[in-house]
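Subject: Structure handover

Dear colleague,

My notes on it follow.

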Amino acid sequence: MRYVSTRSGAKPQPFTGILLEGLAPDGGLFLPEEFPKLAPADLSAMRRMSYAELAFAIVSKFADDIPADDLKRLAAATYTKTLFGSEDVTPVKKLEPDLYLLGLSNGPSLAFKDLALQLLGNLFEYALEKHGRRLNVVGATSGDTGSSAEYALRGKKNIRVFMLSPYGRMSAFQAAQMYSLQDANIFNIAVRGVFDDCQDIIKAISGDFAFKAKHRIGAVNSINWARVAAQVVYYFKAYFAVTRRDAEPASFSVPSGNFGNVYAGHVARSMGLPIRTLIVATNENNVLEEFFRTGRYRVRKAAEVKATSSPSMDISKSSNFERYAYDLVGRDPFRLKSLWAELDANGVFALAGTEIFRRVADTGFVSGSSTHADRLATIRRVWKDYGVMIDPHTADGIKVGLEHREEGVPLVCMETAQPAKFAETIREALGRDPIRPAGFEDLEKLPQRLEVMDADAASVRRHIERHAA
Ligand SMILES: *Cc1c(COP(=O)(O)O)cnc(C)c1O
C-alpha cells in the first residue's frame with residue numbers, strides 16, 4: 001500500500017515512510033492510494049477476534065511494510081487488560097434495546113485518544129530503533145491531549161517529550177495526570193501564561209527549520225495517519241458487539257472536533273463495514289455541523305472559538321476534514337487544492353447545490369450540535385435513566401445521536417472521556433463529585449515533576465536543547 005498527499009505534491013511512499021510525519025511536504029495530508037476492501041469472509045473471521053488480533057488484522061492492511069510478526073507483537077503489547085482495564089479493551093454497555101455506549105476512555109489518560117496513541121508510541125519506538133534515529137516530541141496542551149501523548153511515550157527509547165501547558169490554568173486532576181509522571185524522558189513545561197502563549201512558543205520553535213532538523217523535533221498531532229488507522233479498529237470491534245449477522249447495519253454517534261475519530265469511521269465504512277450512519281456531534285463550535293447542514297465549510301478566527309464545557313471539541317477548523325473532502329471531490333487532488341486555496345484566501349468555501357455536496361449522502365454522514373444546557377440535561381438524563389455517569393463530550397454525542405436514531409438500527413454512542421476529568425461540569429449537572437476509576441483516587445497527592453517557565457520561546461528552546469534526545 002502506498003500513501004499519497006491529498007494535494008498530489010508528494011511522491012508515493014510506504015507506511016513506514018509516513019509513520020513519523022505530520023503534514024505532507026505540499027501542505028496536504030497523507031492517505032492511502034486506495035482503501036483496502038474486505039471480503040465477506042474477512043468480516044466473519046474478524047467477528048471472533050480479540051481486540052489485539054483485530055488491531056493486527058486491520059492495521060496490517062495499512063502498515064503492510066512492517067513484518068507481520070513485529071506488528072502482531074506490538075499490537076499484543078498495546079491492547080492489554082492491564083492498560084485498558086478489560087479483555088474487551090473497548091467494552092460496550094447496553095443502555096436500552098438498540099442503544100449502546102462504547103467505552104473508549106478506559107486507557108491510562110482516561111480519554112479515547114489513548115487507543116491510537118498507545119499503539120503509536122510503540123510503533124514510533126520500533127521504527128526509531130530500527131533506523132537508529134531519535135525524536136523529540138514538542139507540543140502544547142490545554143489539559144487533555146497532552147496527557148494522552150505523555151502516557152503513550154513515557155519510558156520509550158530514543159524519544160523525549162516536551163509538553164507545554166498553561167501553569168495553574170488546568171483542573172487539579174488534569175495537571176496531576178501530567179505532572180505526576182516521573183519518567184526521565186517526559187518534560188512538563190508549565191508556562192506562566194495561557195494556552196495561546198504555549199501555542200505561540202510551539203509555532204516559534206516549529207518555524208525554525210534549522211533547529212527542528214538539528215534536534216529532530218516532531219509532533220504527535222491528530223493528522224498522523226497511523227492514529228487514524230488505529231482508530232478504525234474499534235468501529236469493527238463495536239460493530240461485532242452490537243450485531244449478530246455480518247450484513248446487519250449499525251450507526252455510530254461521535255463527539256467530534258478535529259474529525260479524526262469520525263473519519264476513522266468513514267474509513268471503516270469504505271473498507272466494507274456495514275455502517276449505516278456516521279453521526280457527527282459538535283458543541284457550540286459547530287464548524288462541522290455547519291458544513292453538513294449548509295455545504296459551507298467556514299473556519300473560525302481564534303477569537304470566535306468559544307471555551308465550552310466540552311473543551312476537547314473547541315476547534316476553529318477540523319484538521320482531518322481535508323481527508324474526507326478528498327473523497328467528496330472524487331479523489332481529485334487538483335479540485336481539492338483549489339478548494340483549500342479558496343479556504344486560505346477567504347476562510348470559507350461553499351458547496352451547496354454541487355455534485356460534491358450531493359456525495360455527502362452516499363457517505364452516510366449526518367450532523368448536529370449541542371450546547372452547555374444540552375450537556376447538563378443529557379448527563380442528568382443518562383444518570384437518572386440508566387445509572388451511568390458520562391462526561392460532557394460523551395453527552396454531546398448522545399444528545400445528537402438520539403436526534404438521528406432510526407428504529408431497528410443499533411446506535412453506538414462513543415464515550416470519549418471519563419467524567420472524572422470534568423468534575424466541575426459533573427457537579428453542576430448532578431450536584432455531586434464524579435466517580436473516580438480505580439487507581440486514580442489519590443492522583444492529586446502524588447509528587448509532581450514540572451519546570452515552571454516564563455512565556456518566552458528562547459528559554460523554552462534552551463531547555464529543549466539541554467535535554468533533547
Ligand atoms: C479529542 C477529543 C474529541 C474529538 O475527537 P476528534 O478526533 O478531534 O474529532 C472528543 N472528545 C474527547 C474527550 C477528546 O479528547
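Which strands each supply at least two residues of the lining of the second largest pocket? They are strand 3 (92-96) and strand 4 (99-103). Strand 4 has the largest share of that lining, with three residues. Please keep in mind throughout that this is a predicted model.

The pocket

The second largest pocket holds about 550 Å³ of space. Its lining comprises 28 residues, and those closest to the pocket centre are Ser-105, Asn-106, Leu-110, Gln-418 and Pro-437. By class, 18 of the lining residues are nonpolar, six are polar and four are charged.

The loop between strand 3 and strand 4 contains Asp-98. Asp-98 is not a glycine, yet its phi is positive, near 65°. With a relative accessible area of 27%, Asp-98 is partly exposed. Asn-158 is another non-glycine residue with a positive phi, in this case about 65°. Asn-158 is found in the loop between helix 7 (145-153) and strand 6 (159-166). Its relative accessible area is 35%, so Asn-158 also counts as partly exposed. As background, most residues other than glycine have a negative phi.

The chain as a whole

The protein chain has 20 helices and 15 strands. Along the principal axes, its C-alpha atoms fill a box of roughly 60 × 55 × 50 Å. The radius of gyration is 21 Å, which agrees with the value near 23 Å that a compact globule of 469 residues would have. Of the 469 residues, 57% count as buried.

Phe-292 and Tyr-324 are both buried.

A further pair is made by Tyr-297 and Trp-340. Their ring centres lie 6.2 Å apart and their planes meet at 35°, so this pair is tilted. Tyr-297 is in strand 11 (residues 296-298) and Trp-340 in helix 15 (residues 333-346), so the contact ties together parts that are 43 residues apart in sequence. The relative accessible area of Tyr-297 is 2%, which makes it buried. Trp-340 is buried as well, at 7%.

Two arginines sit over aromatic rings. Arg-331 lies over the face of Phe-35, at 4.9 Å from the ring centre. Arg-461 has its charged end over the ring of Phe-211, 4.6 Å from the centre of that ring.

Cavities

How many cavities of 30 Å³ or more does a search of the whole structure find? The search finds two. Rolling a probe the size of a water molecule over the atoms shows where empty space is left.

The largest cavity contains about 40 Å³ of space. Its lining consists of Phe-291, Phe-321, Ala-325, Leu-328, Val-329, Leu-339, Phe-349, Leu-351 and Ile-356. The lining has nine nonpolar residues, no polar ones and no charged ones.

What lines the second largest cavity? The residues are Ser-251, Ile-279, His-404, Arg-405, Glu-406, Val-409, Pro-410 and Leu-411. About 30 Å³ of space lies in this second largest cavity. Its lining is made up of four nonpolar, two polar and two charged residues.

Best regards

Note on methods
Residues are numbered from 1 along each chain as its sequence is written. This is a predicted model: local features need pLDDT of at least 70, side-chain atom pairs count only at pLDDT 80 or more; totals for chains, interfaces and linings use all residues. Side-chain values use heavy atoms; hydrogens and water are left out. Buried means under 20% relative accessible area, exposed over 50%, partly exposed in between (1.4 Å probe, protein chains only). Rings of Phe, Tyr and Trp (its six-membered ring) pair if their centres lie within 6.5 Å; planes under 30 degrees apart count as stacked, over 60 as edge-to-face and the rest as tilted. Helices (H or I, at least four residues) and strands (E, at least two) are DSSP runs, numbered from the N terminus. A charge sits over a ring if NZ of Lys or CZ of Arg is within 6 Å of the ring centre and within 35 degrees of the ring normal. On a 1 Å grid over the protein atoms alone, a cavity is a set of points where a 1.4 Å probe fits but cannot get out, and a pocket is an open set with protein on both sides within 12 Å along at least five of seven lines; lining residues have an atom within 4 Å of a point. Grid points are joined across faces, edges and corners, and a volume is the space filled by probe spheres set on the points. Ala, Val, Leu, Ile, Met, Phe, Trp, Tyr, Cys and Pro count as nonpolar, Asp, Glu, Lys and Arg as charged, and the others, Gly among them, as polar. The radius of gyration is taken over C-alpha atoms; the globule rule is 2.2 Å times the number of residues to the power 0.38.
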